[in-house]
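Subject: Structure handover

Hello,

Here is the structure for you to look through. My notes follow below it.

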Amino acid sequence: MLSQSASARLLSIHRLISLLFCLLISWSLWTGVLAFYADFVRPWMMPGLAEAAGRPLPTAAEALRAVAARHAVGLDWTMMAPTPLRDFFIVSGRFGEGAPLTNLMVNPAADVMAPWNGVLTDSLFRRIHTDLLLPKPYGRFLMGVAGVLIVLLVGTGLFIHGKVIAEAWSWRRRSRLIDLSDAHKRFGFWLIPYLFLMGLSGGILGLKVASQPLDAVLQAGGSPQAARALLSDDGDAPAAPGRSVTDVVPDGLALCLDGFAERFPDSRIGRLQRQGDRLMVEGIPRGRLTWAGEGAGSLRAMCSLADGTIGTVRDSRDGGWGGVVESALRPLHYARFGGAGTALIYCLLGVLCLWIVDSGMKLLWLRAAKEERRPQDQLTLSRRLFNANNALYLLLPLLLLADNLLTGATHGGILFAASASVILFYLLPWLDRRRASLERVALPMLALAYAGLPLLRLGLSPAVPWFGVTAVMVVDGTALLIGAWLAAVAFRRQRQGSVLPERERADRRLSA
């Protein structure tokens, strides 16, 4: 038998591992929500994109001409077509000899040409969500495994907690603990379809994307350098010499697009990729859950830029249900269907999932405090870490929005310094007394800061209208809602703080 101290130590280790796992799931959900939200933030902070909303989009040839007028496009580039949430093309390539890979947002009708990965969540937080900031094969593999584990947890939880299904529509409301427990179980049960979909699609996509680099690493004997050379030799071989972009755009590109449209009239263009004198055209059948980009797309045709002849065509639907499911994984996981309404629903469901994780941790602390007969407000290490995590959820989006609005970019140093300060502020025990008084001041200040974001945006970009642009209205409305919620929390805490001293004085009078 283990001693009481050893059992307590093992229990602490168990709770710490549980906390780290919950934080991993929590950050995966949070960074995923930010990735959805980035599509609304770009027009909010870029007047050109906001003004382009609703205008007729230029053609792919016009977008490529605009890029070629400013950059040496060369013979190898990729172009992603606009989506209902993105009124611009994404053109990727190495613009110049020895130049790094560059991704540009392009809409010549609105005179927009800006870096794609230098704004908000498209670099830092998207990498956290997909790769945990690790090298792509390993980080993507771990996130794929995490998705599979979430699916297993959801599936086994249904069998373990069978009563939750029968009691999904009941509510006891007897005490704070029971009320929180019921809310946690009920909302968790109702969110099972969303969690299952996100976990399954994310797990499959993560493992699928990581499989090719990992296979190359194994073939190269564990050497990442040799693996990169192997991948370059197989999939990224130098393109054959071809004509310049100025010769190809007016004739070859138009011939390929016209030929593809004539052969597949029920499809729209999703992605173009030039490889020397060949152009790969990816098409998306209209009305289907399909995705063009990063190895997917229902239709893939190779076309000669010399005469517009379409050669080999691959249709993922010819592979039966497997091909259809594969082409539908990305739009289901990334909410690339249904427009802005679908993205907002995904964001709301993601926030509810974050609340499920948060309420689950609170239930563990409340029950542990009850079993160990200690005050419920006593701060353990796990509770300090989780409080710091929740504070980051409030502070980092504010810094991101303000930083991008004022400078047009994300400064990692500011985010790192703010994150480190918040974590130390909650971990250091000798700051406990000051923390309560500082939180009383910080909450109203955060509320004012969030509520002031729309005014700051209007002052910096007066040409962007208040109404009429969905993305701008969504971000403004979200900032105002968060500000109102923080103000309500601050007011409630202030009332509770004023009631407690009155109760203490009344108790003292009664005891005297």
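First, a glycine in a turn. In the hairpin of S7 and S8, with 5 residues between the strands, Gly 308 takes a positive phi near 80°. Strands here are DSSP runs (E, at least two residues) and helices likewise (H or I, at least four), numbered from the N terminus.

Some ground rules. This is a predicted model: local features need pLDDT of at least 70, side-chain atom pairs count only at pLDDT 80 or more, and totals for chains, interfaces and linings use all residues. Residues are numbered from 1 along each chain as its sequence is written, and side-chain values use heavy atoms, with hydrogens and water left out.

**The sheet**

Strand S7 (residues 299–304) is joined to S8 by 4 bridges, and the two run antiparallel. Ala 301 stands opposite Val 313 in S8. Both strands belong to an open sheet of 8 strands, in the order S4-S3-S2-S1-S5-S6-S7-S8, with antiparallel pairing. Pairing requires that DSSP finds at least two bridges between two strands. Strands of a sheet pair through backbone hydrogen bonds, either parallel or antiparallel.

The edge strands are S4 (112–115) and S8 (310–315), each pairing on one side only. Neighbouring strands of the sheet are turned by 20° against each other on average, direction ignored.

S3 and S4 have 4 residues between them, and Asp 111 in the turn has a positive phi of about 55°. Here 4 bridges join S3 (residues 102–107) to S4, again antiparallel. Asn 107 stands opposite Val 112 in S4.

Further in, S1 (residues 76–80) and S2 (residues 89–93) run antiparallel, joined by 4 bridges. Thr 78 has Ser 92 in S2 as its bridge partner.

**The helices**

How do H13 and H14 cross? The axes of H13 (residues 381–407) and H14 (residues 412–427) come within 9 Å and cross at roughly 150°. Axes are lines fitted to C-alpha atoms, for helices over the stretch in contact, and angles run from 0 to 180 degrees between N-to-C directions. H13 is therefore roughly antiparallel to H14. The cut-offs: under 35 degrees is roughly parallel, over 145 roughly antiparallel, 65 to 115 roughly perpendicular, and the rest oblique.

H13 passes H14 in a right-handed crossing. Right-handed means that the near helix is turned clockwise from the far one by less than a right angle; left-handed means anticlockwise. The contact (heavy atoms within 4.5 Å) includes Leu 385, Ala 388 and Leu 392 of H13, and Ala 418, Val 422 and Tyr 426 of H14. Its residues divide into 16 nonpolar, 2 polar and 2 charged. Ala, Val, Leu, Ile, Met, Phe, Trp, Tyr, Cys and Pro count as nonpolar, Asp, Glu, Lys and Arg as charged, and the others, Gly among them, as polar.

H13 also meets H15 (residues 432–460). Their axes come within 10 Å and cross at roughly 25°. So H13 is roughly parallel to H15. This crossing is left-handed. Among the contact residues are Arg 384, Pro 397 and Leu 401 of H13, and Asp 432, Tyr 450 and Arg 457 of H15. They divide into 14 nonpolar, no polar and 4 charged.

**The annotation**

The unreviewed UniProt entry annotates "transmembrane region" at several stretches, including 187–207 and 343–365. Such annotations may be inferred rather than shown by experiment, and feature names are shortened; positions use the numbering here. Residues 187–207 are 95% helix and 0% strand, with end C-alpha atoms 29 Å apart. Residues 343–365 are 100% helix and 0% strand, with end C-alpha atoms 34 Å apart.

Best wishes
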